[in-house]
Amino acid sequence: MPDAPKMHRVLITGAGGGIGRGLRETLRGVYPVLRLSDRIPIAPARREGAIEEIDQTELADMAAVEKMVAGCDGIIHLGGISGENSWEKILEGNIVGLYNTFEAARKAGVKRIVMATSNHAVGFYPRAQTIDHRVTVRPDSRYGVSKAFSEALASLYSDKHGIGFLCVRIGNFGDRPIDSRRLSIWVSPRDLTQLVRIGLEHPDVRYEIVYGVSGNQRSWYDNTNAYRLGYKPEDDSEPQAAQVLSAERGQAKNPIAEKYQGGTFCAQEYDAPSERR
Ligand code: 15L
């Protein structure tokens, strides 16, 4: 078995967003140095528990990205655009910005990257189907396409340059599931933290795709690949189900959003004359 990579300094990109702020808390003290980067200013560094370094970088600026990545052993890449947007914004944040990050990581000798991909890379699978990590991508948006691109670029940088990647198709991160769709894709802060740590620390990770979801009874995913790597989710959305469902009773629903896993991402701009099987 290969040795676990040594993680001294870990960079979180997109550290000012919801997931980044959550991981800043749950990873405090886990690694000696956390470098927190975003394009927007983020809360000042703290010193108790672990050293924090604060950085402000536009991912489209390669020279700045090289400085952001310098000296890091591992990266949790959350940066870029986190939902559907114009092609120009997606191109800049999630294609150019992603390429810059991986390329800078290669040059800097980064050993591991946990890539925040998304359920929207496979959002056009119907809810009636259980999918695993081996299905072909079926993006539901320009955003979903950029996440599929991230999985492909990670595969290239793993095969050609030996960086270990855990691509986590994140469902919906938060303290609780916020609607009926999220009962199937919710991930709690502590469960996502567990997956991130597997990605950075497990000795065998070369290139893996897993679903970033808690152990939800209503899941649409067969997350065998995560379990194989030792993931043991502690949370399940089920105790929240009755309350979430009763809050939605009587609400009008879009049939395309309801049919497919990606929900409203599938229904936006939808004008197909007939549904693909
Ligand atoms: C995502 O990928 C987004 O980043 C997040 O904002 C949510 O829209 C989530 O998916 C979801 O599907 O709920």
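This is a predicted model: local features need pLDDT of at least 70, side-chain atom pairs count only at pLDDT 80 or more; totals for chains, interfaces and linings use all residues.

Colleague: What is the distance from an oxygen atom of the ligand to an N or O atom in the side chain of Arg182?
Modeller: A polar contact requires a pair of N or O atoms within 3.5 Å. The side chain of Asn172 has an N or O atom 2.8 Å from a ligand oxygen, and for the side chain of Arg181 the distance is 2.8 Å. For the side chain of Arg182, the distance to a ligand oxygen is 2.8 Å.

Colleague: How much of the accessible area that the ligand has on its own does the protein cover?
Modeller: On its own, the ligand has 320 Å² of accessible area.

Colleague: Which pocket is the space taken by the ligand?
Modeller: A molecule is assigned to a pocket if more than half of its atoms lie within 2 Å of the grid points of that pocket. The space taken by the ligand is the largest pocket.

Colleague: How much space lies in the largest pocket, and which residues are the closest to its centre?
Modeller: The largest pocket holds about 850 Å³ of space. It is lined by 38 residues, of which those closest to its centre are Leu78, Gly79, Gly80, Ile81 and Ser82.

Colleague: Which element provides the largest share of the lining of the largest pocket?
Modeller: By class, this lining comprises twelve nonpolar, 17 polar and nine charged residues. Elements giving two or more residues to it include α1 (18-26), β2 (33-38) and α3 (87-108). The largest share amounts to four residues and comes from α3.

Colleague: Which element gives the most to the lining of the second largest pocket?
Modeller: The second largest pocket contains about 240 Å³ of space. Among its 16 lining residues, Arg127, Asp179, Arg181, Glu258 and Thr264 are the closest to its centre. Two or more residues come from each of α5, α9 (255-259) and α10 (264-267). With three residues, the element that gives the most is α5.

Colleague: How many charged residues does the lining of the second largest pocket have?
Modeller: Three residues of this lining are nonpolar and six are polar. The number of charged residues is seven.

Colleague: Which element gives the most to the lining of the largest cavity?
Modeller: There are two cavities of 30 Å³ or more, and the largest cavity has about 50 Å³ of space. Its lining includes Leu23, Val114, Met115, Ala116 and Val168, and by class this lining has ten nonpolar, one polar and no charged residues. With three residues, the element that gives the most is β5.

Colleague: Which elements give two or more residues to the lining of the second largest cavity?
Modeller: About 40 Å³ of space lies in the second largest cavity. His77, Gly79, Gly93, Asn94, Leu98, Met115, Ser146, Lys147 and Ser150 line this cavity. Their classes are two nonpolar, six polar and one charged. The elements that give two or more residues are α3 and α4.

Key:
Residues are numbered from 1 along each chain as its sequence is written. Side-chain values use heavy atoms; hydrogens and water are left out. A polar contact is a pair of N or O atoms within 3.5 Å; within protein, one must be able to donate a hydrogen and the other to accept it, and residues adjacent in sequence count only if both atoms are side-chain atoms. Accessible areas come from the Shrake-Rupley method with a 1.4 Å probe; for residues, only the protein chains shown count as cover. On a 1 Å grid over the protein atoms alone, a cavity is a set of points where a 1.4 Å probe fits but cannot get out, and a pocket is an open set with protein on both sides within 12 Å along at least five of seven lines; lining residues have an atom within 4 Å of a point. Grid points are joined across faces, edges and corners, and a volume is the space filled by probe spheres set on the points. Ala, Val, Leu, Ile, Met, Phe, Trp, Tyr, Cys and Pro count as nonpolar, Asp, Glu, Lys and Arg as charged, and the others, Gly among them, as polar.
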